[in-house]
Structure formats: structure tokens, C-alpha cells
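This report describes selected helices of one protein structure and the contacts made around them. Please consult the sequence and the model alongside the text.

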Amino acid sequence: MDFSFSDEQRAFQETIRRFGAEKLAPRYQAREKEGVIDRDLCREMGELGMIAPELPEKFGGMGLDSVTAGIAIEEVARADFNVSYVQLIGSLMGTLIAQHAAEDIAHRVIADICAGRSIVALGLTEPRGGSDAAHLILRARKDGGDFILNGEKTSISLADQADEIVVFTRTNEAEDGARGVSAFLVPLDAEGISTTRFDDLGSGAVGRGSVFFDDVRVPADAMIGPENQGFRVVMQGFDYSRALIGLQCIACAEASIEEAWEYVKEREAFGGPIARFQGVTEPLAEAETLLYAAKLLCYKTLWLRDQGEPHTSEAAMCKWWAPRVAFDAIHNALLVHGHYGYSRELPHQQRLRDVLGLQIGDGTQQIQKMIIAREKIGRIAVPY
Ligand SMILES: Cc1cc2nc3c(=O)[nH]c(=O)nc-3n(C[C@H](O)[C@H](O)[C@H](O)COP(=O)(O)OP(=O)(O)OC[C@H]3O[C@@H](n4cnc5c(N)ncnc54)[C@H](O)[C@@H]3O)c2cc1C
């Protein structure tokens, strides 16, 4: 058993940590107010190989392993949780496109994702519900060599900032479940598309909203994966994104815990530093333990992926547990800062609001636990 990173991975980690400290962390709170992801910053990250470095070299990626992609997302999220969404969505959508799109589409889109020139959104959730995602109703009707899309996707991260979207549609009306779903890559400036933005609690720089499709015409070769099998395609991708989300949330919490350790050495009460009180250090020590354990689980999951081993259950464990551990850790770090922690001057409140979103996004904890149960005892543990 070897838990160490390679020399190359450590050097990569060091480079990104420095980039994060210099370029990302100082403007984490300012980006929330601006409400956008800075595209020049994305291009700089692209040049440093920080976006989806695991995507195949033949399409413009670096062909590295998933563990290295985990290192990259962890270091960025430590400095700015919201900028790391670009890496998350890059890895999730890039993998889907690399594995299932036509070669010419994969070449164009993946090179742009990795270079930080393009963001591709995930269009799965609909107003009637996200947990039961297979029963989607957005319709793609065949019209000669094209498809015509009508309906609404909602709760889409980066809806009003992304360049393209992979949208999951119903192509077989006779089937109302997963078997009648196909995916299409659609430019978000296509005729008939409009977007909205929600007034969210957190992740203001990312933004979330609805995407409306009103007679949007797409060519048949924009289909990603086989017709009527798009749902299976996206579900495989979540086994990867869930481990990356875990690392995003853990790193964000580690930043707050590090700041809390510094604070307890300086802040004084009852004639000395508050670090002398076990009631102060105990929640921080607990957070250290839980974050450490959750991080190991995430890296183990990525390592399993790199070995080509099944990791559906582990990925679901990462997804339900790490965001919750992270939320609790940040909550404790905020409390340790006393009344200062409650102020918007400090970043803890923003981190708390930001990681909360990923207790829901990419599947709630109830759904993750259902997946773990299904992996353990089979389909008797799922509704259908
Ligand atoms: C920050 C954020 C980012 C997101 N980004 C995207 C994105 O980029 N693209 C995209 O397509 N979607 C995105 N989503 C949507 C997300 O995937 C859905 O919100 C999520 O899957 C839950 O769906 P829902 O909100 O419709 O809740 P519902 O499905 O309506 O569920 C409501 C509640 O009921 C519970 N529940 C439902 N079914 C069961 C069950 N069988 N057993 C036990 N409990 C159950 C759920 O756990 C939840 O607590 C994002 C959401 C958030 C918050």
C-alpha cells in the first residue's frame, strides 16, 4: 500500500498551490460580488494544465491520471471554491465527450475545455425534479437530418456563462424512463435558447439558472453517445465527479480550519490564548480527523478509477459524506472566530454557503445512500 504522491504530482501540487495563493485566494470574495468566472483566469489555468489534465492527449488533454486531476481541483478549491467548478465541469463533461462524442467534436471541444477557452454545462435536471432524473420530459423530435428541442432544464450551473451545454432529452416517447434518453451538445447561443439566473445562497461567481429550449434545431451528429442511451452515459460520469466534488469541499474546509488554528494562537481570553482551552481545540481536532478520512476516501476512489476498478459505491460515499464533513468543519471554524466569524469580512460564511450547494448538486445524500445500498444488495434497494 503506497499513499504517497509521485515527485511529478508533488511538483504539480506545489505549482497550483502557489498559483492559488497568489491569483485566486485574494479575490475569492470579490468574485462572488462580480458574479462571474474570469475567462482570462481560466485561460491562465489552462496554460498551466490545471483544467481536466486527465483527458486524452489525442484530443488536447494531458493524458494524466485522475489522482492528479484530484490534486489540481483540491488546490484550486482551497483558494477559490467557485473557480474549481470550471475544473469539475471540465472533467465531467470532457470525459463524457471524449468517450462518447464523434472524433471531430471531441477534438474541438476538449482542446478548448483544457485550454480554458470553453465551458460546457451539464443539462440534466428539469423543473419536475432532479433526483428522479431519468423521467425527464425535454423533447428532441426528429426532423429530417436534424432534431428539434423543446422544454426546460433548470438548476444548471454556469447556465448564463457556459459556451455549450450537453442536454439530456427524450428521444423515445414510448419510454418514459432512462431507455428513451439521448444527449446532445448544443451551443448556448443557438437560436431559440434563453437563460435565467437564480438568486442563490452561495457560489455567486458560478451562478445557476434555467435554460429554455424553444424549437432549437441541432444536427444529428451533435448527439453524444448512442440514441436512447444518453442516461447511462451521464451516470457513468458521476462516479468520477463525485470524488472530485468531495475534494473540492474538503479543501475549502481545510482553508477555514487552517485559519482557525492561526486565530486560536493569537486571540486571547481569560489572560491567555484561547488555544489553551480544550473546548476550543477539540472541534478543530475533530475536523482535522474527519477531513483527513474523507480526503483519503476521495483519493482512494480516484485511484480505483485509475486502476480501471469499479468505484460507484465509493464515489457515492464521497458525495454524501465529504460535503457534509466540510460544512460542519467550516461551521466550527466560523464559531471559533467568535463575532468576527459572523461578519462578511471573513470568508467562512461564504465557504459555508458555497459548500452547502454541493450537498444537493450532483445528487443529494439520500440518493447517494440509495446507490450504496443498491451496490450492496442489488435493485431491491431502489424504487424501480
Ligand atoms: C449548487 C447546485 C448545482 C447544480 N448544478 C447542476 C447542473 O450543473 N446541472 C444539472 O443538471 N443539475 C444541477 N443541479 C441540480 C441537482 O442535481 C438537483 O438539485 C438534485 O439532483 C436534486 O434534485 P431536486 O433539487 O429536484 O430535488 P428533488 O428530486 O425534488 O428531491 C427533494 C428532496 O427529496 C429527497 N428525495 C427524492 N427522492 C428520494 C428518494 N427516493 N429517497 C429519499 N429521498 C428522496 C431528496 O434527497 C431531496 O432532499 C445543481 C444543484 C445545486 C444545488
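The model is predicted: local features need pLDDT of at least 70 and side-chain atom pairs count only at pLDDT 80 or more, while totals for chains, interfaces and linings use all residues. Residues are numbered from 1 along each chain as its sequence is written, and side-chain values use heavy atoms, with hydrogens and water left out.

Helices are DSSP runs of H or I with at least four residues, numbered from the N terminus.

Helix 5 packs against helix 7 (residues 230–266), and the angle, taken between N-to-C directions on a scale from 0 to 180 degrees, refers to lines fitted to C-alpha atoms over the stretch in contact.

| Feature of the helix 5 and helix 7 pair | Value |
|---|---|
| Packing angle | about 155° |
| Distance between axes | 10 Å |

The two helices are therefore roughly antiparallel (over 145 degrees). The residues of their contact (heavy atoms within 4.5 Å) divide into 10 nonpolar, 8 polar and no charged. Among those that meet are Leu-88 and Leu-92 in helix 5 and Phe-238 and Leu-244 in helix 7.

Ser-313 lies in helix 9 (residues 312–336). Ser-313 is buried, with a relative accessible area of 15%. Not counting residues up to four places away in sequence, Ser-313 touches Ile-372 and Glu-375.

Definitions and conventions:
Buried < 20%, exposed > 50% of the residue type's maximum accessible area, 1.4 Å probe, protein only. Parallel < 35°, antiparallel > 145°, perpendicular 65-115°, else oblique. Nonpolar A, V, L, I, M, F, W, Y, C, P; charged D, E, K, R; others polar.
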